[in-house]
Amino acid sequence: MKSFFGKVPFLALAGVLAAGAAAADTVKIGFNAPLTGFAAADGKSANIGAQLAVDQANAEGGINGKQIELVVYDDQASPKNSVPIANKLIGQDKVKIGISGSYSGATRAAAGVYQAAGIPYISAYAVHPDITRAGDYVFRTSFVGEVQGRAGAKLVGETLGKKKVVLIVLKNDFGKSLANGFKEKAALFGITVAGEYEYSIKDRQFGPIVSKVKADAPEAIYATGYFFTAGPLVNQLRAAGVTVPVIGQEGYDSQKFIEIAGAAAEGVVITTSLDRDSKSPETSGFIAAFEKKAGYKADMVAASGHTAAKVAIAAMRKAGTDDPKAIRDAIASITLQASTGKISFNKLGEVRKDVQVQVVRDGQWHHYSVISDDKLLAPPEM
Amino acid sequence: MLAFELFMQGLVQGSIYALIAVGLTLVYGLLRILHVAHAGLFTLGGYIGVLVTNATGSLALALLTAMIAVGFVGMALYRFCYQPILDRPPYVALIASIGLFIAMEEIFRIIFGPYGLSYTAPPLQAPIILLGMNLKAAEILTMVGALILIGGLGVLAGRTRTGIAWRATVKDPQMAESFGIDIVKVRYLNFFIGSALAAAAGVMVALLNNLVEPTMGSVPSYKALAIIVLGGLGNVRGTLIASLALGVIESFGTIYLGFLLDRDAIAFAFLILVLMIRPQGLVGRSNG
Amino acid sequence: MVEIIGAYQVSLITTMGISVILALSLNLITGFCGQISLGHAAFIGAGAYGAAMLTTAGWPFAAGLAAGTAIAAVLGLVVGLASLRVRHDFLAITTMGVGFLFLGVVRQQEWLGGEMGISSIPDAGLGKGGYMVLVVLIAAAIALFSVHLKRSWMGYAFDAIADDEDTARMVGVDAARYKLTAFAMGTGLAGLGGGLYAHDVKFIAPDSFGFIESITILSMVVIGGIGPVWGVIVAAAVLSVLPFWFQFIEEYKLLLYGGLLFAVMRFSPGGLAGFVAGFVAKHKRRRAAAP
């Protein structure tokens, strides 16, 4: 047993030596994302988005003269993997800042490690409310589920003027927190919830729910989910003759949604972070550069990965030092125009930005409206 | 009216389960192997269906290609993966099969990408009004297709020489061998037919969802195991009943029991209940 | 400790130690007593949830861990009682059902955190290095216990049941009692491992205790040779860190993992231990193997 454990530090030493030779004058940013397993598609987008931000910054001369290296590890969206990875990034790769391109569980678990080590950590798109509550070194560049759910209520009740709504809820932290935010503000916008049905992330066949929704005869459907669940859902709703508006969120935000739902995708409206028709050079430049680099169209996850990396780089430039505390303070006070809009952080480390509303028209995502309501969209402070 | 629609939706889902589970129960009946990787063949069928349809525009051709190609892959699986370990304890094949299934899912992801594939022009999406309810043409095809395929299987097994040899082998392999039946040939046939049915199910699921993904087999694989136990392992008729019943129960459960239990847990709640009352499964099998 | 070998190694060894505990716990049921379980994650989850709920509510770490162990053992006893009615393949599928049912129920329980899981699980208060030492010591203790058990009267009874239950019954072994004992011990230790996992990662959610987790633990036992204590320990230790060693070819990690599981069963069903034993005593074995 002793000799077995004795080998481990030796392996580590070899690893450090090998890494040390190559990394003389680079600054390292840690990155964990699911590159295999069920969430691999999102992990890939986030990874390319973040790498794009790093490439762009390196082309501008890096951080204070040093080139940036993104150190990427696969966590399979599992907390079991993300904890050792966080330890590896901090202890072995000596990153000065970490980014999560992963889902909630993995991000929440890793956040504790970063907080304990006093290294800043930015979650690109994970929604679990407890992530930033890990401590003052943890930030998030995307909306918590509740905030976006509230925006959804405003979109449905005020912008679209629909009052009788059915909820179709994905049973995980993402889908549930969105639905909670929606229900919390539903009454404020005069919405009555005529029915609420849950499905699991593995479901692709919604026949029974579609039948029930039809019987409920709502004016609109607020359905939480990801493109791979929402695509079949919208397709099946339309095929069954349900024609009322379907309102989604950033989980739909992918060209793949339109591919799966086909003609049924037309007219679907979502709340998200990426405005396809943005006049901002930051956003339009990102959309073009991402498609060139990745070979497919940019989505919300890609933009979030890009934004998180951009925040990390800007903060390190601003801090002008390797000191994690200085970098943390720089993030906390940053105001930045990124691909997902103009962002800043509140006391808890939650992002403040506008909600973009997009609609599918002629098989493409397009601008629909913007919700900028500071009070409604105020992220939690503690 | 709603109850009727839920019932019909349950039948659609049940037909899919049936197409998958029949192959699984056939393999079990003949070889006493819990063939988890069967669901990998289902996924492969879905991919071939989408790829061939997109390339040629013909769904019929795609269905045929998928069934034949996957049938041969199933035979190869038997020859190279299961045959050498048949005399080992049953868990050996079970665990090998699980490993194989995980590896297959990964191969799909590496070859076809993590995003899954869709039809460029999804066929059979037109709504058809049947008995006052809107059904997608694909949903009707699923039910009718399952009926034809499994009915055809019944005819093959009951009315032809091959079928009789097959059934004899399932019942008593040693006896069948002494009557001059080529058991190895029967096993190949068994894998071919079971795999082809799974491939057909894959093509139909692809039609219903307009999406095939590397992981689309993971839920059916384990649920089908529950189904074949409920149906009495190796019993085709029992498996059909269990498949359709589960489809219908899940359909109602999604709407009325959602707060209590995950849809995917319903099958297993029944499974445990039934096994506690009747350890031989719902329909039972003769102790042979 | 942390300063000498680094936070990453400490974290890896902790992960490794927990995997060894979990694999040895399943080995009591599957390896020693011959009862295939495809639902071990349910008991890991029961222990993790039990311990985490209690320490989050203010209980001391040790008390929470002990309570988690007890909860898992009680659940294991109930499942064990039910499992007495079924054997072989039926048992495998029943335990798989228990795993799915456990998840299906936990997902819907808001008081258990539902889909959100439990975050902010308090620290055990031992420091990273101290926690690693605790985990390794517990793993070592369970290993010693396993070795001792294997040589005891109970170990022989387990062997007899694993070998041929009917014959064991015929010679007067109370199979039901021994099977229940194996279930209670194995699931209790799984609960202990679950509690240690919860306080290592400090965040648990239903997805962490799914079917894949059951299969992962089972493959450690299987690749270790189903029974041999050292084989299972090595398999658990190596397999648990394999994903981290294989980072450089991360695209193909799961493929390798599945492929390995298949290959071991296909080419060396005795697992690691069988492979080594076969290698050492090749000729002897060849003579003995003729039926």
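**Reading the sheets, domains and contacts**

Author: We start with a sheet. In chain A, seven strands make an open sheet in the order S7-S6-S8-S9-S10-S14-S15, with mixed pairing. The model is predicted.

Reader: Which strands stand at the edges of this sheet?

Author: Strand S7 (192-199) and strand S15 (364-371) of chain A do. Each has a single partner strand, so one side of each is left without a neighbour in the sheet. From one strand to the next, the twist averages 25°.

Reader: The pairing is mixed. Which pairs run parallel, and which antiparallel?

Author: Take the pairs in turn. S6(A) and S8(A) run parallel and are joined by four bridges. Within that pair, A:Val165 has A:Ala220 in S8(A) as its bridge partner. S8(A) also pairs with S9(A) in the parallel sense, over two bridges, and there A:Ile221 is bridged to A:Val246 in S9(A). For an antiparallel case, look at strand S10 (residues 269-272) and strand S14 (residues 355-361) of chain A, which pair over four bridges. A:Thr271 has A:Val357 in S14(A) as its bridge partner.

Reader: How do the side chains of S8(A) point, and are they buried or exposed?

Author: The general idea comes first. In a regular strand, side chains alternate between the two faces of the sheet. In S8(A), A:Ala220 and A:Tyr222 point one way, while A:Ile221 and A:Ala223 point the other way. All of these are buried.

Reader: Which helix lies across strands of this sheet?

Author: Helix H8 (residues 227-239) of chain A lies across strand S6 (164-170), strand S8 (220-223) and strand S9 (246-248) of chain A. Its direction is at about 175° to S9(A).

Reader: What is the order of the strands in the three-stranded sheet?

Author: That open sheet has the order S11-S12-S13 (chain A), and its pairing is antiparallel. Strand S11 (335-338) and strand S13 (351-352) of chain A are its edge strands, each pairing on one side only. S11(A) is joined to strand S12 (residues 341-345) of chain A by four bridges. A:Ala338 stands opposite A:Gly341 in S12(A).

Reader: How is chain A divided into domains?

Author: A domain may be made of separate stretches of the chain, as here. The domain assignment gives domain 1 (2-143 + 279-349) and domain 2 (145-272 + 356-371). Taken over C-alpha atoms, the centres of domain 1 and domain 2 of chain A are separated by 30 Å. Nine residues from domain 1 and 12 residues from domain 2 take part in the contact between them. On the side of domain 1 that touches domain 2, five residues are nonpolar, two polar and two charged.

Reader: Which residues have the most contacts inside the largest nonpolar core?

Author: That core has 325 residues, and those with the most contacts inside it are A:Ala312, B:Leu19, B:Ile20, B:Ala199, B:Ala200 and C:Ala23. Domain 1 and domain 2 of chain A both give residues to this core, so it lies between them. For one residue in detail, take B:Ile20. Leaving aside neighbours within four places in sequence, B:Ile20 is in contact with residues including B:Ala39, B:Phe42 and B:Pro220.

Reader: How many residues of chain A are in contact with chain B?

Author: There are 28 residues of chain A in contact with 30 residues of chain B. On the chain A side, the elements giving two or more residues are helix H2 (40-59), S7, helix H7 (207-216), H8 and helix H9 (255-261). H7(A) gives the most to that side, with six residues. By class, the chain A side has 12 nonpolar, eight polar and eight charged residues.

Reader: What does the contact between chain B and chain C look like by class?

Author: The contact takes 36 residues from chain B and 36 residues from chain C. On the side of chain B that touches chain C, helix H4 (90-112), helix H9 (218-230) and helix H11 (263-277) of chain B each supply at least two residues. H4(B) gives the most to that side, with 14 residues. By class, the chain B side has 31 nonpolar, one polar and four charged residues.

Reader: Where is C:Val86 found?

Author: C:Val86 is in the loop between helix H3 (61-83) and helix H4 (88-107) of chain C. C:Val86 has 19 other C-beta atoms within 10 Å and is partly exposed. The C-alpha atoms of C:Val86 and C:Leu239 are separated by 31 Å, and the two residues are 153 residues apart along the chain.

Methods: Residues numbered from 1 in each chain as written. Chains lettered and ligands numbered in written order. Predicted model: local features only at pLDDT ≥ 70, side-chain atom pairs only at ≥ 80, totals over all residues. Pairing = 2+ DSSP bridges. Axes fitted to C-alpha atoms, helices over the stretch in contact; angles between N-to-C directions. Contact = placed C-beta atoms within 7 Å. Buried ≥ 20, exposed ≤ 12 C-beta atoms within 10 Å, placed from the backbone. Nonpolar A, V, L, I, M, F, W, Y, C, P; charged D, E, K, R; others polar. Core = buried A, V, L, I, M, F, W, Y, C linked by C-beta atoms within 7 Å. Domains from an automatic or database assignment.
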